[in-house]
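Please work through the exercises below with the sequence and the coordinates open beside you.

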Amino acid sequence: MKQVTNTIVMIRPVKFRMNEQTAVNNYYQEDKGIVDANTKAQQEFDGFVNVLKEVGVQVIVINDDPKNDTPDSIFPNNWVSFHENGDVGLYPMFAINRRRERRPEILDLIETSGFEIKNIIDYTEAEDEEVFLEGTGSLVLDRTNKKAYCALSARADEELLIEFCEDFEYTPVIFTAYQTVDAKRLPIYHTNVMMGIAETFVVVCLDCIDDKKERKNLVNHLKNDGKEIISITEDQVNSFAGNMLQVAGSGDKRYLVMSLAAFKSLTKEQVNKIEKHCAILYSDLTTIETLGGGSARCMMAEVFLPANK
């Protein structure tokens with residue numbers, strides 16, 4: 001199984017703003033009164049797409065539908081995942097207004113872009129029970145070693161994670177990751193904010209895992225799979241340095257994609273460690289990060305589907 005793909009889906013926003021429904025447990029969102037947020041988010045989105053395309057990443061850009069009023073549609077990785085065997089996962093979303101992001105025509109457009117969808121595994125009925133698992137936000141997948149790393153939270157249910165692992169034949173690696181909010185330790189809403197797995201390394205904030213046994217278990221899994229662990233701090237997590245994704249560009253060259261804020265937060269030593277494995281690519285996503293509470297990785301839904309015959 002491949003860990004890295006050359007093709008990603010991105011949704012261009014039309015009604016981007018701070019989503020009050022997600023702010024209840026996404027403590028990275030800040031309402032800074034940014035004027036004309038949607039226009040600024042579109043400019044950041046277009047700039048990011050250009051950065052990816054310039055190195056040969058295939059980006060399938062799909063416009064959001066304004067009638068749905070979906071402020072977070074720019075983060076498609078939370079509701080869908082695409083897999084090498086032709087499976088597609090559809091996921092239950094915590095925020096009611098985010099459930100409208102799941103548009104069947106998006107899957108149709110991916111098929112017309114040359115990919116085959118063989119089977120849809122739909123977990124969305126769990127929303128009726130107030131149970132959630134938000135795609136590759138909640139699940140950081142080591143696709144090669146078939147492991148699903150998951151920080152439990154209001155948006156990542158343990159039983160549903162186990163169900164996903166049974167369906168997709170992954171081994172669950174479960175823990176809780178915390179951040180300090182007003183002097184309290186509260187669960188981080190998505191695993192992909194504090195860790196990102198690449199082919200030969202992982203960027204992770206071990207300090208977010210307060211339980212020593214859970215932290216040791218995570219480290220053992222990563223070491224046993226031969227991943228170099230590049231540790232980041234909680235301050236760097238606040239700059240979205242955990243929200244990174246490795247992609248393939250022209251000539252199969254590897255890139256670790258992140259935001260400008262994430263890149264600026266890294267030390268020279270961390271940059272050197274990453275660059276031993278692959279090149280770094282970054283783009284300014286300030287408005288999207290500030291109001292959306294998500295960053296580069298959240299904006300990219302990786303396509304591993306087989307090509308249409």
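Two exercises with worked solutions follow.

The model is predicted, so that local features need pLDDT of at least 70 and side-chain atom pairs count only at pLDDT 80 or more, whereas totals for chains, interfaces and linings use all residues. Residues are numbered from 1 along each chain as its sequence is written, and side-chain values use heavy atoms, with hydrogens and water left out.

**Exercise 1.** Determine which way the side chains of strand β14 point, and how β14 pairs with β15.

Step 1. In β14 (residues 245–248; strands are DSSP runs of E with at least two residues), L245 and V247 point one way, while Q246 and A248 point the other way. In a regular strand the side chains alternate between the two faces of the sheet.

Step 2. These four residues are buried, a term that stands for under 20% relative accessible area, with exposed meaning over 50% and partly exposed in between (1.4 Å probe, protein chains only).

Step 3. β14 pairs with β15 (residues 254–259) in the antiparallel sense over four bridges, where pairing requires that DSSP finds at least two bridges between the strands. A248 stands opposite R254, and in the hairpin, with five residues between the strands, G251 takes a positive phi near 65°.
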